[in-house]
Amino acid sequence: MRVTTPRPPGAPPLLLIFSITVTGILNNTLIGPAIPDILASFDQPDSRAGLLVASGALPGIVVAPLIGVLSDRYGRRRVLTPCLVVFGIGGGLAALAPSFAALLVLRLVQGVGGAGLINLAVVIIGDFWTGNERARLVGRNAATLTISLAVFPAVGGLLTELGGWRLSFAPYWLAVVTALLVWRLLPDIDLHPQPHLRAQLGDAARVLRRPLLALSTVAAFGVFFLIFGLYLTVLPVLLEDRFGLSAGARGLVLSAPALSSTLAALTVGRLRAAYGGRRLVLAGSVAFTVAFMMIGVAPSLPVLLLGGLFYGLGEGLSIPTYQDFVAGAAPPASRGAVVAVWVGAARAGQVAGPLAAGAALATMVPGAVFVAGGVLAGVTLLAQLRTDPDPRRALAPEAS
């Protein structure tokens, strides 16, 4: 992927921004293929898979908005650096967990550090780039995320095959290296925050009350509810139960949707300019509905992989569109808080989805859970069709 876009004066290297995104996405992608092995190691039922995945996202519901406010007030670098350190230490030490409870506690610590990573990468893009160039770079950042989704499940599965599930936690220490690079290379900029915290929060609240931001925030919860509940929690169990795949093979299957997701994310700026944001998110919802239904009833692995490609298409169209809209809707002094509230809603979906999926696995087979998710995605699509059909007033960022 080319990253040679000209930088505005004082802007950080794009590779640094993308490395923050890559670090943040490690949270669940590395351990996804190892979930059945982790549960077996601690003699836990399949229904605990949701708890394992959710524990890494739970702190973000509260911490992500706090990180955003702090980054607006004290600067991106001073807040981002300790977040990366906490993420790396919590995730790295999880490899030594002596019990399932201890593992969950360390995942919670990791979740505190990871709460601000992906959103602050988008915020930094919004600090230095505007308009169509910002939309394009948000798409590239999302493509970096989806490429990571392709690479790291396979890496996690391979590490699990080579040295057991504990080895799959080793790459989390790389977050400490990223922290050092951020401290050295990310410039401080004057964001001109309000002198008093109450006034700063009031400014952010006024932005968040805009109807389009409210719609985007609700959508963030729904999209990540389905992604984390179905694809990252239920699919590893389905792949083992239905097809008997090993951890390495499960990792490769989990990586496959990144092909279509990356392609969609890399072209989302051009597609948005041509068709508008509303059509992109509607197309994403259609793709999610088709994907979850196909995976749920797939009689063979090739059919399931095709469903995975539809899933990647939905992810690549939806997430960057929402991220760019939110980043462009807020002034610099409130951007961190506004984007972080959106991410807080996404984190809530990341927690609720796995917990709901875990509860469903206690009473339903994995395929039936996917079909139920497809029905939910279809209901979401119908609700979106009832929103304002004018793309300049609906979900398109900056009416462009």
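T217 has its place in helix α11, residues 211-243; helices here are DSSP runs of H or I of at least four residues, and strands are runs of E of at least two, numbered from the N terminus. The model is a predicted one, in which local features need pLDDT of at least 70 and side-chain atom pairs count only at pLDDT 80 or more, while totals for chains, interfaces and linings use all residues. Residues are numbered from 1 along each chain as its sequence is written, and side-chain values use heavy atoms, with hydrogens and water left out.

T217 counts as buried because its relative accessibility is 17%; buried means under 20% relative accessible area, exposed over 50%, and partly exposed in between, with a 1.4 Å probe and protein chains only. Leaving aside neighbours within four places in sequence, T217 is in contact with V341, W342 and A345, where contact means heavy atoms within 4.5 Å.

Not counting residues up to four places away in sequence, L103 touches I38, F42, L52, A94, A97, W165 and F169.

Attention now turns to helix pairs. Two packed helices are described by the angle between their axes and the distance between the axes. Helix α5 (residues 76-93) packs against helix α9 (residues 174-185) at an angle of about 165°, with the axes 7 Å apart. Axes are lines fitted to C-alpha atoms, for helices over the stretch in contact, and angles run from 0 to 180 degrees between N-to-C directions. On the α5 side, the contact is made by R77, R78, L80, T81, L84, V85, F87 and G88, and on the α9 side by A175, V176, T178, A179, V182 and W183. The residues of this contact of α5 with α9 divide into nine nonpolar, three polar and two charged; Ala, Val, Leu, Ile, Met, Phe, Trp, Tyr, Cys and Pro count as nonpolar, Asp, Glu, Lys and Arg as charged, and the others, Gly among them, as polar.

Helix α14 (residues 277-297) meets helix α17 (residues 366-385), their axes coming within 7 Å and crossing at roughly 160°. The pair α14 and α17 is therefore roughly antiparallel. By class, the contact of α14 with α17 holds 14 nonpolar, eight polar and one charged residues. M293 has its place in α14 and counts as partly exposed because its relative accessibility is 29%. Beyond residues up to four places away in sequence, M293 touches V371, G374 and V375.

Finally, D43 lies in the loop between α2 (35-41) and α3 (49-57). D43 is not a glycine, yet has a positive phi of about 55°. With a relative accessible area of 68%, D43 is exposed.

Key
Angles under 35 degrees count as roughly parallel, over 145 as roughly antiparallel, 65 to 115 as roughly perpendicular and the rest as oblique.
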